Protein chains: 2
Amino acid sequence: MDKYQEKFMQKAIELSIVNVATGGGPFGAVIVKKGEIISDGTNNVTKKNDPTAHAEINAIRNASKKLKNFSLKGCEIYTSCEPCPMCLSAIYWANIDKIFYANTRKDAARIGFRDEHIYKELSTPMKKRMFPLIQVNIKDAKKAFELWEYKKDKVSY
Amino acid sequence: MDKYQEKFMQKAIELSIVNVATGGGPFGAVIVKKGEIISDGTNNVTKKNDPTAHAEINAIRNASKKLKNFSLKGCEIYTSCEPCPMCLSAIYWANIDKIFYANTRKDAARIGFRDEHIYKELSTPMKKRMFPLIQVNIKDAKKAFELWEYKKDKVSY
């Protein structure tokens, strides 16, 4: 581990500690570009009544807002815990280059968080999951996809 | 398929079609509680510079804000396309009861979206993924988890 990795992870950990004391969840994250922290985030699900307000999601939203760009290519994320599948997928969608984490999904499970359970569900074929999805086929279901396919000025991501 | 499922899915599909015409992505979703639509969402990743702004995430945020509750127990979501792993995980975190979808992740892949790729990555053991995570162990990494474990007035979710 180099001293930069240690410094940025230390910041994510500090955020996670302070966040518990101020009524949030025990998670913190920072996003780094060219050796500088450009955003941070903590878990505020219950404080903000937003089930998507995890540390990494908040850090990504803050970074994209700051850079005015939906792509965070060239950025790294340091998070106090292995991202849950929601946050890990958001990191992929955001094109972040590298992910550093400290605690694991198993550590999170030990204090009552469902990350490990959701990972298992997502890796299970749809019809064998505890929580199945129901397909509803209706006319025009594919119309938006066709419009998208042939749209000349679309912005892909 | 009952007429309610058809009606709510029709609404999600309409949102997806209109959204392409207004510069968004080809996805729409609605959240239903006790037979009524309580929120909707469309994909505005590129319009809003927010890589997390998928249709389902936006619909969940809007519903939680409206109900002033981080739990959407008792709600159903109707989405024009099988949720990506970010959105599906958000649906789990939000405690939504049922998921209805029309198009599939393979349909989304055909028009250039990475849902299928991200599902595959998440199902692959961490060290075998194309995009590996790097663990950084530092002092105090678990302090927030310990504080959480023994916090008496915590709000779990």
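Analyst: What follows starts with one chain, moves to the contact between the chains, and then takes up the sheets and helices there.

The model is predicted. Start with chain A. It has 7 helices and 5 strands. Along the sequence, these elements follow the pattern α-β-β-α-α-β-α-β-α-α-β-α. The C-alpha atoms of chain A fill a box of roughly 55 × 40 × 30 Å along the principal axes.

Now the relation between the chains. Two copies of a chain are related by a rotation about an axis and a shift along it. Here the rotation is 180°, the shift along the axis is 0.0 Å, and chain A superposes on chain B with an RMSD of 0.0 Å. That is the relation of a two-fold axis. Which C-alpha of chain A is nearest the axis? It is that of M86(A), 2.0 Å from the axis. The same surface serves both copies, and 100% of the contact residues of chain A recur in chain B.

How many residues does each chain bring to the contact? Chain A gives 67 residues, and chain B gives 67 residues. On the side of chain A, several elements each supply at least two residues, among them α1 (3–21), α3 (55–67), α4 (85–93), β4 (98–103) and β5 (133–135). The largest share comes from α1(A), with 8 residues. By class, the side of chain A that touches chain B divides into 37 nonpolar, 16 polar and 14 charged residues.

Look next at the helix pair α4(A) and α4(B). Their axes come within 8 Å and cross at roughly 155°. Angles over 145 degrees count as roughly antiparallel. The two helices are therefore roughly antiparallel to each other. The crossing is left-handed. From α4(A), the residues that meet the partner helix are P85(A), M86(A), S89(A), A90(A) and W93(A). From α4(B), they are P85(B), M86(B), S89(B), A90(B) and W93(B). This contact has 8 nonpolar residues, 2 polar ones and no charged ones. M86(A) links two parts of the picture: it belongs to this helix contact, and its C-alpha is the one in chain A nearest the axis.

Within chain B, α4(B) also has a neighbour. The axes of α3(B) (residues 55–67) and α4(B) (residues 85–93) come within 8 Å and cross at roughly 25°. These two helices are therefore roughly parallel to each other. Their crossing is left-handed. E56(B), I57(B) and I60(B) of α3(B) make the contact with M86(B), C87(B), A90(B) and I91(B) of α4(B). Those residues divide into 6 nonpolar, no polar and 1 charged. M86(B) and A90(B) take part here, and M86(B) and A90(B) also meet α4(A).

Strands of a sheet pair through backbone hydrogen bonds, either parallel or antiparallel. One open sheet has 5 strands in the order β2(A)-β1(A)-β3(A)-β4(A)-β5(B), with mixed pairing. Which strands stand at its edges? They are β2 (36–42) of chain A and β5 of chain B; each has a single partner strand, so one side of each is left without a neighbour in the sheet. The twist averages 20° from one strand to the next.

Where do the chains join in this sheet? They join at β4(A) and β5(B) (residues 133–135), which run parallel and share 3 bridges. Y101(A) stands opposite Q135(B) there. Elsewhere in the sheet, 6 bridges join β1(A) (residues 28–33) to β2(A), and these strands run antiparallel. A29(A) has G41(A) as its bridge partner in β2(A). Helix α1(A) lies across β1, β2, β3 (75–81) and β4 of chain A, running at about 150° to β1(A).

The other sheet takes its strands in the order β5(A)-β4(B)-β3(B)-β1(B)-β2(B), again 5 strands in an open sheet with mixed pairing. Its edges are β5 of chain A and β2 (36–42) of chain B, each with a single partner strand, so one side of each is left without a neighbour in the sheet. Inside it, β3(B) (residues 75–81) and β4(B) (residues 98–103) run parallel and are joined by 5 bridges. C81(B) stands opposite N103(B) in β4(B). Helix α3(B) packs on this sheet, touching β1, β2 and β3 of chain B, and its direction makes about 135° with that of β2(B).

Key. Residues are numbered from 1 along each chain as its sequence is written. Chains are lettered from A and ligands numbered from 1 in the order in which they are written. This is a predicted model: local features need pLDDT of at least 70, side-chain atom pairs count only at pLDDT 80 or more; totals for chains, interfaces and linings use all residues. Axes are lines fitted to C-alpha atoms, for helices over the stretch in contact, and angles run from 0 to 180 degrees between N-to-C directions. Helices (H or I, at least four residues) and strands (E, at least two) are DSSP runs, numbered from the N terminus. Angles under 35 degrees count as roughly parallel, over 145 as roughly antiparallel, 65 to 115 as roughly perpendicular and the rest as oblique. A crossing is left-handed if the near helix is turned anticlockwise from the far one by less than a right angle, and right-handed if clockwise. Two residues are in contact if their C-beta atoms, placed from the backbone, lie within 7 Å. Ala, Val, Leu, Ile, Met, Phe, Trp, Tyr, Cys and Pro count as nonpolar, Asp, Glu, Lys and Arg as charged, and the others, Gly among them, as polar. Two strands pair if DSSP finds at least two bridges between them. Copies are superposed by least squares on the C-alpha atoms of residues with pLDDT of at least 70 in both.
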